[in-house]
Structures are given as C-alpha cells and as structure tokens.
Amino acid sequence: TNLFIINLGVTGAYRGIYFENTDLSTIRADSVCANGLNGIYLNNGSDTNTVKDNTASNNSQTGLYISTSAFNTLDNNIASSNPTNGNIRLFSGSKNTVRRNTANSGTYGLWLDSANDNTVDSNTFSSNSQYGIFFNSGSSNTVYGNTCNSNSQVGIYFSGGTGNIVQNNIIKSNSEDGVRATSASGNFVRFNHISSNTMSGV
C-alpha cells in the first residue's frame, strides 16, 4: 500500500510491474516493454491505484491488465503492439476507469472480459488486428467519447453482455463492421458517429 513506482524502465522480465493485493499506489511515467507476459498487471484485490503516463508495448500478452480489482484508474498511457490478450484488458473487475489512453496495433485495443460497471472514455483504439473494443460478457459498463478507427475487423464488438452503454464515440474506417453484437442483449448504442466501415455500420 502507498507505493510510488515512477520513471522505471523494465524490459525482458516475466511481468514488467506486478501488484498482488496492493492498494492506493501510483505507477507513473514508466516504460514496460518486451516482457514475457504483461507490461503492468494489477491482480487479486489491487484497488484504488493510479496507472498514468506509462508506455507498455511489445509485451507477449497484455500491455495493461487489471484482474479482479476495483476503483483503479488507467490514464494517459500508451499500450501498443501487445499481441495476445489485447493492449488493455479488464478481467472480472469493477468500477475501474480507463481514460485518455492510446491502444493500437494489438489484438484488441480494450478487452472487457466479464467486467462490470467500468467507465471507458476519451481513448483511442486504432489499427488493432481484431477489435477496437471487445465486450466478452460483463454488464453496466459505460463507454463514451472514444475513437475506434482503422481496426482490421470491428470497431466495437459485443460477444455477450447486457446493460452496457456505448455513446458519443467515433467509430470509423474499420475493415468489417463499425459495431457488431452476437449473443448480447439490452445494450444501448446511441449518439455515435459511425462512418466509412467496409461492411456495416451496426
């Protein structure tokens, strides 16, 4: 608790920076690149942490990963070229905020995996090999003010999940659909700017 990890460079580790049940700490202005699994990983009840102004690129799985943790903020980070589980992944976490990040050239820009009641705003998810934002189950997430563009498949993809709100986003120039939903119900997609997607807008 109350750790400050600032201006650190980590390359070639198994995990770049790893928190296990660690609260009220700050990870800022670090470079975590080319590590064996994740760049920055908050796990198992690591709550109310701030991850800001970091670069997490070319890690084997995920750039920024929050698992079973709550009330964390990911702000103004760059997560790119993380090939396996997405540039940013929230797994079974709640009430986290993902804001002003750039997540490009991975599998997914952001993967919301059984994650509930999180806020995602003002990010850019571009040039990912599958989806800009991927909802895989999870409910009551709010996604607004983001740009999802030039992804190789879909801008925003719902594969399950309910009660999620997606509004006021720019979703454009994706190689398949702007927004796609399968096995999902009761989600709200409204007031978005959807244009120039190769197959369908929605």
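Guide: Let us begin with pairing: two strands pair if DSSP finds at least two bridges between them. Strands themselves are DSSP runs of E, at least two residues long, numbered from the N terminus. This is a predicted model, in which local features need pLDDT of at least 70 and side-chain atom pairs count only at pLDDT 80 or more, while totals for chains, interfaces and linings use all residues. Residues are numbered from 1 along each chain as its sequence is written, and side-chain values use heavy atoms, with hydrogens and water left out.

Visitor: How do you know that β15 and β18 pair?

Guide: DSSP has to find at least two bridges, and β15 and β18 are joined in the parallel sense over 5 bridges. Within this pairing, Y108 has Y131 in β18 as its bridge partner. On the β12 side, β12 and β15 also pair in the parallel sense, over 4 bridges, and there R89 stands opposite W111 in β15.

Visitor: Which sheet do these strands belong to, and why do β3 and β24 count as edges?

Guide: They lie in an open sheet of 8 strands with parallel pairing, in the order β3-β6-β9-β12-β15-β18-β21-β24. β3 and β24 (179-182) each have a single partner strand, so one side of each is left without a neighbour in the sheet. The twist averages 10° from one strand to the next, from axes that are lines fitted to C-alpha atoms, with angles running from 0 to 180 degrees between N-to-C directions.

Visitor: What is the order of the open sheet of 9 strands, and what makes β1 and β25 its edges?

Guide: That open sheet has the order β1-β4-β7-β10-β13-β16-β19-β22-β25, with parallel pairing. Its edges are β1 (4-6) and β25 (188-190), because each has a single partner strand and one side of each is left without a neighbour in the sheet. Neighbouring strands of this sheet are turned by 5° against each other on average, direction ignored. As one example of its pairing, 3 bridges join β7 (residues 50-52) to β10 (residues 73-75), and K52 stands opposite D75 in β10.

Visitor: Why is S152 called partly exposed?

Guide: Buried means under 20% relative accessible area and exposed means over 50%, with partly exposed in between (1.4 Å probe, protein chains only); S152 has 40% relative accessibility and therefore counts as partly exposed. This residue is found in the loop between β20 (147-149) and β21. Although S152 and S175 are 23 residues apart in sequence, their C-alpha atoms are 5.0 Å apart in space.

Visitor: Why is the pair of W111 and F134 called stacked?

Guide: Rings of Phe, Tyr and Trp (its six-membered ring) pair if their centres lie within 6.5 Å, and planes under 30 degrees apart count as stacked, over 60 as edge-to-face and the rest as tilted. The ring centres of W111 and F134 are 5.9 Å apart and their planes stand at 20°, so the pair is stacked. The pair links distant parts of the chain, with W111 in strand β15 and F134 in strand β18, 23 residues apart.

Visitor: How do you know that the charged end of R180 sits over the ring of Y157?

Guide: A charge sits over a ring if NZ of Lys or CZ of Arg is within 6 Å of the ring centre and within 35 degrees of the ring normal. The charged end of R180 is 5.7 Å from the centre of the Y157 ring and is placed over that ring. R180 is also the bridge partner of Y157 in β24. Likewise, R89 lies over the face of W111, at 4.2 Å from the ring centre.
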